[in-house]
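Subject: Structure handover

Hello,

Here is the structure for you to take over. Please open it first, then read my notes below.

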Amino acid sequence: MTEAAGRTRRLSPDRMSAALMLGATLVAIIWANSPWGAGYEHFWETPIDVAVGDMRLTSTLHALVNDGLMTLFFFLVGLEVKRELTIGELTDRARARLPIAAAIAGLIVPAGIFILITLHTGEAHAWGVVISTDTAFLLGALAIIGPKFPARLRAFLLTLAVVDDIGALLAIGVFYSDGLVIGPLVAAVVIMGLIAVVRFLPSGRGFSYAVLGIALWVAVLLSGVHATLAGVAIALLIPVFPPRRSEVERTTELTRAFRESPNTVYAAAVTRSLRDSLSINERIDAGWRPYISFGVLPLFALANAGVHLDPATLGEAFTSALTWGVIAGLVVGKFIGITGATWLLRATGRGVLAPGLGMPRIAGGAALSGIGFTIALFLVPIAIDDPHTQDLARVGVLTASVVAFLLGWAMITIGDRLRPPRAVGARLNRPVDPHRDHIKGPVDAPLTIVEYGDFECPFCGRATGSIDEVFAALGDQVRWVWRHLPLDQPHPHAQQAAQAAEAAGLQGHFYEMTRKLFAHQDDLEVADLFGYAEQLGLDADRFAEDFRSPAVLRRIQDDRLDAELMDLHSTPTFFIGEQRHKGPWDSATLIRALEASRGKAERPS
């Protein structure tokens, strides 16, 4: 690893966030147990009064962090949940089935263990403390452990964490909210309706979301529902969508106009067009995440982790059924629930793990999921009234987090030594075959670019023209290979378009048909496809026969299976030579990657 790469890895956002939260936790514990320990509680109990007209809100600094700033954290969680359900991993139900089941088991089993241990103590109602995983600490811990090829495990844990967060939010809303006040609750519902229609405003959407969001927070706070859920509600009402081809093309046109005639009108138009090409969900997430990760969460840790660790408290804690219920629920319950559900679904054939992800790593990830820090500490004062009993629960949360990290580290490290991980999808699974593959350019060209895509994908190489620019720059030095990867859910016409291309290919017109398909991506119904075949002068009867022939279907399925073995699930995906291309796929970047691959091929071994 180069020095620069090492620095990047050490300073990754996940690591930095986890390090800041850990540092804040240590500061809180040292402060609470120092000679100035009384000042810790006095500081966070500093009263805050806000009055607007006849309305008056009285709170404390601690409540401001937990009920106010943490709303921003739950808002970010809600954005992630909405994104995953709409355009992310959870849209592919088959792919998400296993981590979803594991997450549900990881909610139920810890709660059951906690209730069994604390049933006789009168604190069994605090089971919500042990059900949730701290996503920030979880990913930070994984980054600190630094296993090879962590992407598959990270994706599994992220999907699991999203479902886990949904369960925790439901628990807060249903089981840990005060008695409902009807008036403010009705006002909250009305405000949510107004937030839902903000997306249709021609301008001022950001300001409208902010004003209505604050109003919703106040209404939810007064209604008796925990105020942080206002953040989740707002997030779920904010739209999310993948980049739209038409808006990206509009940005390109405006950028060209600005380059030819720089002026403030074009500059403002380009900026607005760039912003509007991405959903507000993604823009807010990218803009706010650093402040939440590096500001709000460490501040929350500082305000909540100040547990008194004097010998008397520790002695009582480690003989307390409540403390051991928290430790067992988080460490043992998460491990058994997640690992057991994953194993059971695999054994019964109801779920499969992504290529390169085995049970040893799932077990390590399940152990790390016992780090319940943020939401566990958040729920302690909500679920438990007595301050001293709260300290016993906090000791359990902190102990469980340390044990879960060490256990997860050991399992992943030992598992990787017994079964060394291998990169999945880093290299082309099947070499280019001139007798089978669709190749544009000289068959024996020294440079090769392989693209997995589908004909409804707005950003595939032929659709954007980037491949044409590659050929314009490199000419006969490059060959382009197309392989099918129809994404059925977002692109429902992609499979039949691939069949049309293959049927045309059997009459020697594959590339002519692909140009038609990319030029008419909004018109890919079967009737349209047969119309394009007629325009190309193809034999209509033969095209109709080949369109649904087993040979054509097998050809597309073979490409799909190759992609599945390499764990490809997005289009376009490029390979330069036999190495998977990472990063942007604009023509300039692809040309540089191809030139670099020539240098590697010519370099003596």
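Arg-483 and Asp-437 are both buried. This is a predicted model, so keep that in mind as you read. The side chains of these two residues, Arg-483 and Asp-437, form a salt bridge, at 2.9 Å from N to O. Arg-483 belongs to strand β5 (residues 478-484), while Asp-437 is in the loop between α18 (387-418) and β3 (438-440), so the bridge ties together parts that are 46 residues apart in sequence.

The count of salt bridges comes to 16. Side chains of opposite charge can pair when their charged atoms come close.

A second bridge joins Asp-488 and Arg-560, with the closest N and O atoms 2.9 Å apart. Asp-488 sits in the loop between β5 and α21 (494-505), and Arg-560 in helix α25 (residues 550-565), so this pair ties together parts that are 72 residues apart in sequence. Asp-488 is partly exposed, at 43% relative accessibility.

Glu-595 pairs with Arg-598, and their closest N and O atoms are 3.2 Å apart. Both lie in helix α26 (residues 587-602), three residues apart, which means about one helical turn separates them. Glu-595 is partly exposed, at 36% relative accessibility.

Some bridges share partners. They join Arg-430, Arg-436, Asp-437, Arg-483, Asp-559 and Asp-562 into one network.

Now the rings. The structure has 22 aromatic pairs. One of them is Trp-31 with Tyr-40: the ring centres are 5.1 Å apart and the planes stand at 85°, so the pair is edge-to-face. Trp-31 is partly exposed, with a relative accessible area of 25%. Tyr-40 is buried, with a relative accessible area of 4%.

Ring pairs also build a cluster. Its members are Phe-455, Trp-480, Trp-482, Phe-510, Tyr-511 and Phe-518.

The charged end of Lys-440 sits over the ring of Phe-471, 5.6 Å from the ring's centre.

Last, the surface. Which residues make the nonpolar surface patch of about 600 Å²? They are Ile-182, Val-186, Val-190, Leu-194, Val-197 and Phe-200. Leu-194 is in helix α8 (residues 182-197). Leu-194 is partly exposed, with a relative accessible area of 44%.

Best wishes

Note on methods: Residues are numbered from 1 along each chain as its sequence is written. This is a predicted model: local features need pLDDT of at least 70, side-chain atom pairs count only at pLDDT 80 or more; totals for chains, interfaces and linings use all residues. Side-chain values use heavy atoms; hydrogens and water are left out. Rings of Phe, Tyr and Trp (its six-membered ring) pair if their centres lie within 6.5 Å; planes under 30 degrees apart count as stacked, over 60 as edge-to-face and the rest as tilted. Buried means under 20% relative accessible area, exposed over 50%, partly exposed in between (1.4 Å probe, protein chains only). A charge sits over a ring if NZ of Lys or CZ of Arg is within 6 Å of the ring centre and within 35 degrees of the ring normal. Patches are made of residues with over 30% relative accessible area and no salt bridge: like charges are joined within 9 Å, nonpolar side chains (Val, Leu, Ile, Met, Phe, Trp, Tyr) within 5 Å. Accessible areas come from the Shrake-Rupley method with a 1.4 Å probe; for residues, only the protein chains shown count as cover. A salt bridge is a side-chain nitrogen of Lys or Arg within 4 Å of a carboxyl oxygen of Asp or Glu. Helices (H or I, at least four residues) and strands (E, at least two) are DSSP runs, numbered from the N terminus.
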